[in-house]
Amino acid sequence: MKNAAPQTGQTQIGQKKPSLLKSLEIDTRLLGMIGAFVLICLVFNVITDGRFLTARNIFNLSIQTVSVAIMATGMVFVIVTRHIDLSVGAILAMSSAVMGVLQVQLLPHALGLGIGNPLIAPITILGGLLTGTLIGALNGWLIGYQRIPAFIVTLGGLLIWRNFGWYLSDGQTLGPLDAHFLLLGGIEGTLGTTLSWALGVIFSIAALWAIWQARAAKMRHEFPVKPIWAEVTMMGVAVAAILGLVAVFNAYEMPIGRLKRMFAERGEVLPEGFTANYGMPISVLLLVTVAVVMTLVARRTRLGRYIFATGGNPDAAELSGINTRMLTVKIFALMGFLCGLSAVVAQARLSNHANDIGTLDELRVIAAAVIGGTALAGGIGTIYGAILGAIIMQSLQSGMAMVGVDAPFQNIIVGSVLVFAVWIDIQYRKRTGEKL
Amino acid sequence: MNNRGTPLVELRDISIAFGGVKAVDHVSIDLHPGEVVGLLGHNGAGKSTLIKCLSGAYQKDSGEILINGQRVEIRNPRDARAQNIETIYQTLALADNLDAASNLFLGRELVTPMGLVDDAQMEAETRKIMGRLNPNFRKFKEPVKALSGGQRQSVAIARAVYFNARILIMDEPTAALGPHETQMVAELIQELKAQGLGIFLIEHDIHNVMKLCDRASVMKNGQLVGTVNVNEVTDEDILGMIILGKKPEGVAC
C-alpha cells in the first residue's frame with residue numbers, strides 16, 4: 001500500500017549499505033505480527049506437548065477463523081473511512097436466518113424443489129448475499145446521505161437485524177441443511193490432496209508472476225528496483241508459505257469412521273487399509289479469494305484509492321470530486337455482502353441456523369482489524385493485517401481452550417491483547433514518525 | 001478594462017447566506033484570460049465563500065456564473081472541474097496518508113486497459129511535472145504528511161497545472177511558505193498568466209497583491225467595495241478599501 005511502512009532514512013543518500021529488511025522492502029509491522037503469531041503458536045505448542053501445531057488443529061483453527069476473517073477485510077474499509085460497523089454480527093444472523101428459512105422450509109417444501117435438489121444451495125446463497133448487501137446499503141445510505149453517525153446506525157442495526165432474523169425463523173433452530181450448502185463450512189467440504197496440490201502450484205505461479213510484473217512495471221518507468229536476490233528471496237518465501245499450508249492441510253487424515261460412512265453412503269464397503277486426507281477446505285479457499293480480491297480493490301482500483309483518500313482527509317476527497325456519500329453506501333454494502341458470505345460459512349460450519357449465530361462477532365471483527373494495524377483515526381489499514389489479526393485472535397482463543405484456561409481468564413487475556421496490540425502500534429508509529 | 005471582449009469568468013450578482021447571515025451579498029466580479037484578479041478583505045469578508053461558489057464547494061443562493069459568456073451551473077467540485085476550474089485551497093486539500101502521485105491524480109486516476117489504477121504511470125507523470133515545478137522534490141514514495149509546507153504546496157499546484165486548468169483559484173497560496181518558496185509560487189503565477197490562464201488570488205498580503213495582480217476586488221461584510229486596476233492605486237488606497245470600505249477618489253471602480 002502506498003501508506004504502508006514509511007521508508008525511513010531514504011532521504012539521506014549515504015554510502016551506507018541498505019539493511020537486509022530494507023532491501024527486501026518488507027513491512028516491518030507485518031513482520032512484527034507474524035513474529036507475535038509464531039510466538040503464540042510455539043508457546044501453546046510447548047504447553048500442550050505438541051498438540052497445538054498438528055495438522056488437525058491447524059485445520060480446525062483455519063476453518064474457525066474464516067468467518068470472522070472475511071468480515072474483517074470489509075471492516076478495514078469501514079474503519080479506514082473513519083466509520084465503524086457494530087451490526088456485522090446481527091447482519092450475519094439475519095442473512096443466516098434468511099438462508100435457513102430458504103433451504104429448510106421455503107425451497108424444498110413450499111416451492112416444491114424437494115430435499116437435495118441441486119438448485120437449493122445456489123438460490124439460498126444468493127438470498128443470503130443479497131440480504132447482507134441490501135442491509136449494508138441501507139446502513140450506508142443512512143450514514144452517507146442522511147448523515148446519521150455510523151456508530152448510531154449500526155448500534156441500532158445490532159438490535160434490529162438479529163431480532164428480525166429471530167422473528168423470521170420463529171426462534172427455531174433451522175436444520176438439517178442442504179448437503180451441497182454444507183460443503184462451504186469446512187470439514188464437510190475439502191478438495192482432497194491432488195486438487196489441493198494443483199491449486200497450491202497455481203497460486204505459487206500466480207504469486208511469482210505478480211512479483212515479476214511489479215518489478216517489470218518499475219523497470220519500464222526506470223524506477224529503482226530491489227536487487228535480484230531480494231526478489232528471489234521474496235518469491236521463495238511466497239512459494240514456501242503457499243505450499244507449506246497446502247502440505248499441512250493435506251497431512252490431515254480423515255478418521256476411519258468418516259471414511260466408513262462415506263463408503264456406506266455410496267453403497268460400498270471400505271477396503272482394508274484405505275486412507276484419505278482432507279486437503280484444502282473450500283471455506284479457506286473462499287477466504288483466500290476474498291483476501292486477494294479485497295487487496296486488489298484496496299490497492300489497484302479507484303474505489304480503493306478513494307476509500308483511503310477519504311479516510312486520510314474527507315474534505316480533500318470531496319473537493320477532489322469524489323462522491324463521498326455514494327462511496328459510503330458502497331463501503332457498507334460491501335461490508336454487508338461480506339457478512340452474508342460469512343453467514344454462509346458460519347452456518348455451514350455449524351450445520352444449522354440458530355439465533356445466537358455470530359453473537360459478539362462485531363467485536364471480534366473490529367478487534368481483528370485493529371490488531372491488524374487498522375487505525376481508528378482513519379486512512380490506514382491493510383487487508384492482510386486484518387486477516388492476520390483474526391488468525392491471532394482465534395489461535396489465542398483455541399490455544400487457551402486447549403490448555404484449559406478458565407473461561408473468564410480467556411476473555412480477560414483476549415481483551416488485554418487487544419489493548420496491548422494497539423499500544424504497541426502507537427509506539428511503533430511514534431518511533432517511525434520521528435525518523436521521517 | 002471593459003473592452004477586452006468576453007470575460008473568461010463572470011460572477012453576476014452572487015448571494016449566499018448561512019442561516020440569517022449574508023456571507024455574500026449581491027457581488028459581481030469578472031476575470032479575463034491572462035489576468036490575475038486579487039480578492040481582498042478582512043477575515044469573514046466573504047471572499048473565500050464567494051470563490052467557493054465557483055469551485056463548487058458551496059452553492060450560491062442566487063446570481064449567475066458565466067464561463068466564456070455561457071451560463072453554467074456549478075453544483076459540486078466535479079462540475080467545476082468539468083469547466084477546467086482548478087482550486088488550490090488554503091487548507092491544502094491533500095490526503096495526508098497518500099503519496100504525491102495519488103494526490104495529484106486524486107479523482108482522475110490514470111488506469112490500465114483493465115481499469116486498474118496505474119501507479120507506475122502516475123508516478124512517472126508526477127516526476128515529470130515536479131521536475132518542471134520544483135526540481136528539488138524527491139519524496140515521491142512517501143505519504144505527503146512527510147513533506148514540508150512548500151513541498152505540499154507544490155503538489156497542490158502541480159495538480160492544477162497538470163490538468164490544464166483555464167481558471168485557477170488560489171486561496172492564500174503563500175500563507176504557509178518561506179520566502180524562497182513564496183518566490184517560487186510568484187514565478188509560477190507569472191508563468192501561468194503568460195500561458196493565458198485566468199487566476200483568482202485570495203491574498204492578505206498587500207505587497208503580493210501589488211506585485212502579482214492586475215486588478216483587485218475588495219470585499220467587506222459580504223459586499224463588494226470595489227474593483228480597481230492595481231497600477232492606478234497605491235497600497236494606502238487598497239488598505240482604505242479593506243479597512244474603511246472607502247473607494248479611492250478619482251479612480252474608476
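Start at A:Ala369: setting aside neighbours within four places in sequence, A:Ala369 is in contact with A:Ala72, A:Met75, A:Val76, A:Ile79, A:Thr374, A:Gly381, A:Ala386 and A:Gly389. Contact here means C-beta atoms, placed from the backbone, within 7 Å of each other. Bear in mind that this is a predicted model, where local features need pLDDT of at least 70, side-chain atom pairs count only at pLDDT 80 or more, and totals for chains, interfaces and linings use all residues. Residues are numbered from 1 along each chain as its sequence is written, while chains are lettered from A and ligands numbered from 1 in the order in which they are written.

A:Ala369 also turns up in the largest nonpolar core, which has 172 residues; A:Ala69, A:Ala72, A:Met75, A:Ala368, A:Ala369 and B:Leu54 are the ones that touch the most other members. Helix α14 of chain A (residues 324-350) gives this core its largest share, 16 residues. A nonpolar core is a set of buried Ala, Val, Leu, Ile, Met, Phe, Trp, Tyr and Cys residues joined through C-beta atoms within 7 Å. Buried means 20 or more other C-beta atoms within 10 Å of the residue's own, exposed means 12 or fewer, and partly exposed is in between. Helices are DSSP runs (H or I, at least four residues), numbered from the N terminus.

Now follow α14(A) to its partners. The axis of α3(A) (residues 55-80) comes within 9 Å of that of α14(A), and the two cross at roughly 175°. Axes are lines fitted to C-alpha atoms, for helices over the stretch in contact, with angles from 0 to 180 degrees between N-to-C directions. The pair is therefore roughly antiparallel; the cut-offs are under 35 degrees for roughly parallel, over 145 for roughly antiparallel, 65 to 115 for roughly perpendicular, and oblique for the rest. By class, the contact of α3(A) with α14(A) has 16 nonpolar, four polar and one charged residues. For these classes, Ala, Val, Leu, Ile, Met, Phe, Trp, Tyr, Cys and Pro are nonpolar, Asp, Glu, Lys and Arg are charged, and the others, Gly among them, are polar.

Helix α4(A) (residues 88-110) takes another angle: its axis comes within 8 Å of that of α14(A), crossing at roughly 60°. That makes α4(A) oblique to α14(A). Their contact has nine nonpolar, seven polar and no charged residues.

A:Met94 sits in α4(A), and it counts as buried because it has 32 C-beta neighbours inside 10 Å. Not counting residues up to four places away in sequence, A:Met94 touches A:Thr131, A:Ile135, A:Trp161, A:Arg162, A:Phe164 and A:Gly165.

On to where the chains meet: the contact takes 30 residues from chain A and 26 residues from chain B. On the chain A side, α12(A) supplies the largest share, six residues. The residues of that side split into eleven nonpolar, eleven polar and eight charged. Nine of the eleven residues of α12(A) are buried, so this helix is largely enclosed by the rest of the structure. Those buried residues pack against α3, α11 (282-300), α13 and α14 of chain A, together with α3 (100-104) of chain B.

Last stop, chain B. B:Ile206 is found in helix α7 of chain B (residues 206-212), and with 17 C-beta neighbours inside 10 Å it counts as partly exposed. B:Ile206 touches B:Asp235, B:Ile238 and B:Leu239, not counting residues up to four places away in sequence.

Terms used:
Contact = placed C-beta atoms within 7 Å.
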